[in-house]
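These notebook entries record what I looked up in one structure, topic by topic.

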Amino acid sequence: MAFVSGEIVDRFRKQFQSAATPLVYRAPGRVNLIGEHTDYNLGYVFPIALEMACYIAIAPAAHGKLRVYSRDFDKEASIAVTDIASAKPTKQWSDYVFGVAQELVKAGFAIEPCDMFVASEVPTGSGLSSSAALEIASAVALLGGRAFPKVELAKLGQRAESQFVGMPCGIMDQYAAVFGHAGAALKIDCRSLGHEYVELPSNVRIIAVNSLVKHELGTSAYRERVAECQQAVAALKELDPKIESLRDVALDFFERVQDSVPMVPRRRARHIISDTQRVVDLATAARKNDLAEMGRLFVASHRSMQYDYQISCEEIDFLVDSAIKIPGVYGSRMTGGGFGGCTVNLVAPEAVDTFRQQLSALYNARYQKTPAFYDCLPAEGAGLA
Ligand code: ADP
Ligand code: MG
């Protein structure tokens with residue numbers, strides 16, 4: 001919680017040469033435990049919100065603009081508040097903030113001129129959702145305490161990212177940033193937009209490992225996967241007109257009829273349908289304290305992403321394959337959109353030190369990079385810091 005103290009306020013005043021006393025808001029990153037790419041297929045996902053968060057200090061200003069500075073990019077951007085409604089994306093980081101502002105205007109909330117200082121602990125492009133943390137922190141900062149239903153807040157962030165930024169994402173990241181809860185994972189139903197909190201066994205640590213690689217095909221492959229899932233739905237709808245999304249397809253039905261789906265969409269669908277089932281199974285296993293089963297589900301999910309959804313990469317497979325050989329590791333899988341970023345690992349508390357040392361040494365020897373390790377403790381969703 002590096003920035004809850006006065007530090008962000010001092011940085012705000014220096015940056016904007018202002019004597020104002022800003023309010024500080026935060027929204028967390030998240031690590032998804034299982035259910036990858038299932039959100040835009042309206043299935044289940046199972047993330048936890050992280051203590052690592054995006055902080056925004058905000059205060060009114062007299063310059064007629066929404067002005068925002070990112071400490072992490074050391075860049076400033078601004079827009080006249082009267083131009084927010086008609087703003088077009090510029091393909092820069094500030095799109096996340098201005099996209100949220102535009103959605104708030106559309107929802108009938110006036111944006112007053114202000115300065116915003118952004119400082120995030122969530123590493124960018126690592127699959128821990130720095131983007132939703134920035135969107136939701138921006139939304140709560142710009143709302144400034146004005147009432148807004150929580151689920152609408154998550155949807156607003158998602159619209160900003162899919163429509164303004166141009167990334168056709170599902171709802172998981174923004175939802176986790178809003179609804180995160182200390183002490184529990186969130187099992188989210190991406191169709192009803194309801195959730196239940198699931199307490200995780202106390203005798204396991206959740207460790208994210210950052211591969212520090214991000215392969216560039218990420219965004220185009222994401223669009224491809226969205227389209228391939230739609231192709232699978234179209235083929236399955238021929239057999240059962242009630243099918244609107246892959247969420248509507250039971251695993252046993254799919255196994256019976258999969259030959260009628262073209263090869264590539266078939267593999268994509270197999271991942272989505274099986275990973276949605278694995279969310280249900282992981283929640284059950286967590287409630288029973290069945291760490292062996294949780295680990296098995298993690299690895300099955302990873303193999304499904306590796307071979308059927310084809311969104312892993314060499315470095316991530318190396319981290320997973322190395323991790324599961326280390327004693328005390330129950331399971332390991334990639335988390336997030338894919339093509340790099342982080343793995344998430346279930347590790348016995350007494351094995352964490354060895355896990356870090358061994359995995360770090362192996363990765364270093366192979367890729368000359370020292371992975372970053374994050375201890376993932378479930379934290380609260382967005383609000384005042
Ligand atoms: P992820 O959400 O997995 O971290 P994304 O590609 O979805 O990866 O989002 C990362 C992008 O979000 C960054 O490239 C940047 O545009 C924006 N972003 C996130 N955090 C910040 C920040 N602290 N300052 C400026 N931009 C940020
Ligand atoms: Mg993101």
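**Entry 1. Conventions**

I noted that this is a predicted model, in which local features need pLDDT of at least 70, side-chain atom pairs count only at pLDDT 80 or more, and totals for chains, interfaces and linings use all residues. Residues are numbered from 1 along each chain as its sequence is written, chains are lettered from A and ligands numbered from 1 in the order in which they are written, and side-chain values use heavy atoms, with hydrogens and water left out.

**Entry 2. The six-stranded sheet**

I first asked in what order the six strands of the open sheet lie. The order is S5-S4-S6-S3-S1-S13, and the pairing is mixed. I took strands (E, at least two residues) and helices (H or I, at least four residues) as DSSP runs, numbered from the N terminus. Two strands pair if DSSP finds at least two bridges between them. The edges of this sheet are S5 and strand S13 (383-384), each of which pairs on one side only.

I then followed the pairs one by one. S1 and S13 are antiparallel and share two bridges, with Tyr-25 opposite Leu-384 in S13. S1 and S3 are also antiparallel, over nine bridges. Within that pair, Pro-28 stands opposite Ala-53 of S3, and Leu-23 has Ile-58 as its bridge partner in S3. S3 in turn pairs with S6 in the antiparallel sense over seven bridges. There Ile-58 stands opposite Met-116 in S6. As background, strands of a sheet pair through backbone hydrogen bonds, either parallel or antiparallel.

I next asked how many residues of strand S3 (residues 47-60) are buried. Twelve of its 14 residues are, so S3 is largely enclosed by the rest of the structure. Buried here means under 20% relative accessible area, exposed means over 50%, and partly exposed lies in between (1.4 Å probe, protein chains only). S1 is likewise mostly covered, with nine of its ten residues buried.

**Entry 3. Strand S9 and its partners**

I looked up which strands flank S9. S9 is joined to strand S11 (residues 340-347) by seven bridges, and the two run antiparallel. Ile-206 has Leu-346 as its bridge partner in S11. S9 is also joined to strand S12 (residues 372-375) by four bridges, again antiparallel. In S12, Ala-372 is the bridge partner of Asn-210.

Why is strand S9 (residues 205-214) described as largely enclosed? Seven of its ten residues are buried, so the rest of the structure largely encloses it.

**Entry 4. Ligand 1**

I asked which residues come nearest to ligand 1. Of the 17 residues around it, these are Ser-70, Asp-72, Gly-125, Ser-130 and Ser-131. A residue is counted if one of its heavy atoms lies within 4 Å. Strand S6 (114-120) and helix H3 (130-143) each supply at least two residues of this shell. H3 gives the largest share, three residues.

I listed polar contacts, that is, pairs of N or O atoms within 3.5 Å. A polar backbone atom of Gly-125 lies 2.8 Å from an oxygen atom of ligand 1. For a polar backbone atom of Gly-127, the distance to an oxygen atom of the ligand is 3.2 Å. A polar side-chain atom of Ser-131 is 3.0 Å from an oxygen atom of ligand 1. On its own, ligand 1 has 560 Å² of accessible area, and the protein covers 80% of this. Those areas come from the Shrake-Rupley method with a 1.4 Å probe.

**Entry 5. Single residues**

I looked for residues other than glycine with positive phi. Gln-17 has a phi near 45 degrees and lies in the loop between helix H1 (7-16) and strand S1 (23-32). Gln-17 counts as exposed, at 74% relative accessibility. Lys-91 has a positive phi of about 65 degrees and lies in the loop between strand S5 (75-80) and helix H2 (94-106). Lys-91 is exposed too, with a relative accessible area of 70%. For context, most residues other than glycine have a negative phi.

Is Ser-304 buried or exposed? Ser-304 is buried, with a relative accessible area of 7%, and its place is in helix H9 (residues 291-309). Ser-304 and Arg-11 are 293 residues apart in sequence and, C-alpha to C-alpha, 45 Å apart in space.

Methods: A polar contact is a pair of N or O atoms within 3.5 Å; within protein, one must be able to donate a hydrogen and the other to accept it, and residues adjacent in sequence count only if both atoms are side-chain atoms.
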